[in-house]
Amino acid sequence: MPLHSPPTRLRVLLVTDTAKPIGELRDALARLGYDMLSEVAAPGALPRTVEEQRPDVVIIDTDSPSRDTLEQLAVMNEHAPRPVLMFSSDPDQQRIRDAVRAGVSAYLVEGLDAGRLAPILEVALARFSHEAQLRKRLADAETELANRKVIDDAKRLLMERRGLPEQEAYALLRRHAMDHGMKIVDVARQFLRLAQR
Amino acid sequence: MTPLPIMNTPASHPSVSTPELRHLRLGFVSLTDAAPPVVAKTLEFGHRYGLTLELCRQPSWAGIRDKLLCGEIDAAHALYGLVYGVQLGIGGPHADMAVLMVLNRNGQAITLSPRLADLIAAGHRVKDAFATLGRPPVLAQTFPTGTHAMWLYYWLAANGVHPLADVKSVVLPPPDMAAALASGELDGFCAGEPWHAVAESLGVGRVVTYTSEVWPDHPEKVLACRRDFATRHPHTARALVATMLEACRWLDEDPRHRASAAKWLAADDVTGVAPERIAPRLLGDTGGTRARPIAFFDHGDVNYPRPSDGRWFISQYRRWGLYDGDARDDAAIADAVNQTSLYRDAAASLGIAVPDDDATPVARLCDGAVWPAA
């Protein structure tokens, strides 16, 4: 017996064209009583599938390359599902925003109550690791800070050793980066390495 | 060295003279015209304005939109038309948006299958070339309200082909265009580079027109953010505009700079396309045609966010039935989206001339129409 039996069985399409395990949603949603359509794994196949199978809901990875293909269908075809609004005071919509943050995007046919999407997104969210994303954000921020420190160190060393004002020290690093087609942080790192010898 | 004027602008905001935010997440899409953000990051042009940029590549324009709206990214390299599509809520969420500046003009194209391109080169009309298919041509672009959709529709209409009634109009990710042409799924596409160069190198398509032949020196990508981002962080927004202006100026300063940029754009985390595919057109090669090359700065003429450009996109949405709002509101919408005074401040701090609104150059488009209309 399905837990949340929808009033009419919603037809759900999953687009599974990224490495995320979105496909695993299929069984979980089928158990909840949704009508799961055959999955689409490439942007080229989307127009025909949406036309022929008329999904009520499309669940897609936020980072799927097929997103824009779906956007075109939403604009050109009145029966195609539209991207859901993420900005609303409606408390149910908070879940949708969380879903986008976690990497799930949803498209609904017009007139479909967003509340009916909630259990679908609940399941989708449970399958996506929030934590993995947070860890990556943290790592990225740390790299960024480290890069900035390297450039500052190199600049300071140039100012000391060559008696350059700050702007000129920076300009020197930048010019070198341009001349050699390198990133400025790599120039800074190379300079510090040479200076240590 | 005197501090930069932008850092000393008398604060209209409660005594804040440095950017309210120091770390900005900037979205971009895998394209040659992502050069300004890529250059700004590679050469860290933001540092002197107190900004650290973090580039966040997005696999779709919908991703750019959603992440701007929910705050995952602060600003983005975006299709001019995407910003206006979101402002008008066409086919998706509505939000008040801001165009901070234009990042480039020209640099896009329409490619058709070699067979169609041959027919057109032999003097057949576009309409007649399509008729040889025995079915409506399938033509792809990149986003329903985007620039490529509008260039393609405009060009088709100018050639007697109704872009919605006579054509099957689809959207595909640009990196998939060449394969779709090769398999016969697609008869042509309008997108940015390097994807035309890639299709030509594989022999699966040929450029039939550059978008500068549709609208000479048309505006293309913009620096976009949510409007409340610009109003809540005016110093940050100005610092970001100054940073990107420096990157645009650098790109137009010396052809060697563009050659360096081609190498950076080739990186796997930017386009992953060989620099030989990127460099020629980035350096202005348009195959001996009279097409105008991509420009990023042109003494600042490229970058001023002219409201009349925004109005053009609204007029095209109305033309193709995507929008039915009152045309008398178009000017007010464009004036609210395009952040001209913020741009003026940033440009003045760098000594970059700002074109006069009253002296907007009149362009003649491929169907003979002029814009802005008299």
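Q: Which residues does A224(B) contact, leaving aside its neighbours within four places in sequence?
A: This is a predicted model: local features need pLDDT of at least 70, side-chain atom pairs count only at pLDDT 80 or more, and totals for chains, interfaces and linings use all residues. Residues are numbered from 1 along each chain as its sequence is written, while chains are lettered from A and ligands numbered from 1 in the order in which they are written. Contact means that the C-beta atoms of two residues, placed from the backbone, lie within 7 Å. On that rule A224(B) contacts L68(B), A75(B), A76(B), A78(B), V83(B), M97(B), A98(B), V99(B) and L100(B).

Q: What angle does the direction of α3(B) make with that of β3(B)?
A: Axes are lines fitted to C-alpha atoms, for helices over the stretch in contact, and angles run from 0 to 180 degrees between N-to-C directions. α3(B) packs on the sheet and touches β3, β4 and β10 of chain B. Its direction and that of β3(B) make an angle of about 100°.

Q: Which strands stand at the edges of the open sheet of chain B?
A: The sheet has 5 strands with mixed pairing, in the order β2-β1-β3-β10-β4. An edge strand here has a single partner strand, so one side is left without a neighbour in the sheet. The edges are β2 (52-57) and β4 (97-102).

Q: Which helix supplies the largest share of the side of domain 1 of chain B that touches domain 2?
A: An automatic or database assignment sets the domain bounds: domain 1 is 5-105 + 218-371 and domain 2 is 108-213. 34 residues of domain 1 of chain B are in contact with 26 residues of domain 2. α3 (80-88), α12 (275-282) and α13 (307-319) of chain B each supply at least two residues of the domain 1 side. The largest share, 5 residues, comes from α3(B).

Q: Is R311(B) buried or exposed?
A: R311(B) lies in helix α13 of chain B. A residue is buried if 20 or more other C-beta atoms, placed from the backbone, lie within 10 Å of its own, exposed if 12 or fewer, and partly exposed in between. R311(B) has 22 C-beta neighbours inside 10 Å, so it counts as buried.

Q: Which residue of chain B is in contact with P47(A)?
A: P47(A) is found in helix α2 (residues 46-53) of chain A. P47(A) is buried, because 22 other C-beta atoms lie within 10 Å. Leaving aside neighbours within four places in sequence, P47(A) contacts L73(A) and, in chain B, V170(B).

Q: Which element gives the most to the side of chain A that touches chain B?
A: 36 residues of chain A are in contact with 35 residues of chain B. With 8 residues, the most comes from α3(A).

Definitions and conventions. Helices (H or I, at least four residues) and strands (E, at least two) are DSSP runs, numbered from the N terminus. Two strands pair if DSSP finds at least two bridges between them.
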